[in-house]
Amino acid sequence: MYEKKLPVNLDCGLHLFLQVVQGKWKINLLWAIHSGIKRPGELQRKIPNATRRVLDVQLGQLIEHGLINKVVFDQLPLKVEYELTGLGESLIPVIAVTAQWGEDHRNELEKISTFYKPG
């Protein structure tokens, strides 16, 4: 597994926050799970630009950070679902406010964004 070269600054809440949510798809995964999407295949369909491997790695990191739980059902075929923990649920209002900020400033952000391509 990748080891960071610089230590995380644990004296700053913002750095702690970024430590657990930083990752291309983590916030999308949290929001999707909150919205009722629980199964790995459903998550893959909801976030089609992410590879299954990347989603699996980021789901594992979210589990390590205590934001989600993985529930494995003892049946054949194997059934796996993800659910938010209390800590994960506490992030949902933060994600919602962040999404609303993006919507509120869409025009300005689209003008300066290097990744936005109208479609």
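Of the 119 residues in the chain, 24% are buried, meaning under 20% relative accessible area with a 1.4 Å probe and protein chains only, where over 50% is exposed and in between is partly exposed. Keep in mind that this is a predicted model, where local features need pLDDT of at least 70, side-chain atom pairs count only at pLDDT 80 or more, and totals for chains, interfaces and linings use all residues. Residues are numbered from 1 along each chain as its sequence is written, and side-chain values use heavy atoms, with hydrogens and water left out.

The chain has 6 helices and 2 strands, taken as DSSP runs numbered from the N terminus (H or I, at least four residues, for helices; E, at least two, for strands). Read from the N terminus, the order is α-α-α-α-β-β-α-α.

Now look at helix 5 (residues 86–104). With 19 residues at 1.5 Å each, it should span 27 Å, and its end C-alpha atoms are 28 Å apart, which agrees; the expected span is 1.5 Å times one less than the number of residues. Gly88, Leu91, Ile92 and Ile95 are its buried residues, and they pack against helix 1 (13–21), helix 2 and strand 2 (79–84), with contact meaning heavy atoms within 4.5 Å.

Helix 2 (residues 26–34) also packs with helix 4 (residues 52–64), at about 75 degrees and with axes 10 Å apart. Axes here are lines fitted to C-alpha atoms, for helices over the stretch in contact, and angles run from 0 to 180 degrees between N-to-C directions. In helix 2, Lys26, Leu29, Leu30 and Ile33 meet Leu55, Gln58, Leu59, Gln61 and Leu62 in helix 4.
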